[in-house]
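Visitor: Please pick a part of this molecule and walk me through it slowly, as I'm new to this.

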Amino acid sequence: MTLFRADPAAGTISGLGETHQVSFGKGGHCAAADKREGDGKTPLGRWPIRAALLRPDRMAAPATRLPWRWLRPWDGWSDGVDDPAYNRPVSLPHPFSHERLWRDDGAYDIILVLGHNDAPPVPGLGSAIFWHCRQPDGRPTEGCIAMERAALAAWLDRMAPGDEVELAA
């Protein structure tokens, strides 16, 4: 098992003998119990890396041992607090509030689904907390971890079930 350590104060993540710059939530960070839908905060805690979702038109199949699948243009993720599928993948169109995963900006070319508020999901305590590709300008996320694409792809190839990321202030 690999434990990746993310430090929101330093803006870094360390693992596999390397440290990289990352972006965190535009609202800062908070204890997981204080996380609320739409607050833009990255929840502190230790989160299992559940699976990877990947854009087939922007990368080759990875060598990872994590469960993974190709994204499709109709993939979404529910962030609707009234949705029975809250904090779960959904197919679009979807009648509740959701996030579109097929994006033009490259942020979701690689998505690592983190195990925050998912066992079971509690509506309102935060959804779609991912580890994904960082924008070239390094801007903050909506509450996720974002890392430079090439480094994330290289780490993905070395990831396996049981790997976790710990966010600590």
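Guide: Let's start with an open sheet of 3 strands, in the order β8-β7-β9, with antiparallel pairing. Helices (H or I, at least four residues) and strands (E, at least two) are DSSP runs, numbered from the N terminus, and two strands pair if DSSP finds at least two bridges between them. Keep in mind that this is a predicted model, where local features need pLDDT of at least 70, side-chain atom pairs count only at pLDDT 80 or more, and totals for chains, interfaces and linings use all residues. Residues are numbered from 1 along each chain as its sequence is written, and side-chain values use heavy atoms, with hydrogens and water left out.

Back to the sheet: β8 (89-91) and β9 (98-100) are at the edges with a single partner strand each, so one side of each has no neighbour in the sheet. Neighbouring strands here are turned by 40 degrees against each other on average, direction ignored; the axes behind such angles are lines fitted to C-alpha atoms, for helices over the stretch in contact, and angles run from 0 to 180 degrees between N-to-C directions. Strands of a sheet pair through backbone hydrogen bonds, either parallel or antiparallel. In this sheet, β7 (residues 75-78) pairs with β9 in the antiparallel sense over 3 bridges, and Gly76 sits opposite Arg100 in β9.

Now for the rings. A search of the whole structure turns up 6 aromatic pairs. Rings of Phe, Tyr and Trp (its six-membered ring) pair if their centres lie within 6.5 Å; planes under 30 degrees apart count as stacked, over 60 as edge-to-face and the rest as tilted. Phe4 and Trp131 have ring centres 5.3 Å apart and planes at 75 degrees, so that pair is edge-to-face. The two come from distant parts of the chain: Phe4 is in strand β1 (residues 3-7) and Trp131 in strand β11, 127 residues apart. Phe4 has 0% relative accessibility and so counts as buried (buried is under 20% relative accessible area, exposed over 50%, partly exposed in between, with a 1.4 Å probe and protein chains only). Trp131 is buried too, with a relative accessible area of 0%.

Trp131 has another partner: its ring centre and that of Trp155 are 6.2 Å apart with planes at 90 degrees, so this pair is also edge-to-face. Trp155 lies in helix α1 (residues 149-156) and Trp131 in strand β11, so the pair ties together parts 24 residues apart in sequence. Put together, ring pairs link Phe4, Trp131 and Trp155 into a cluster.
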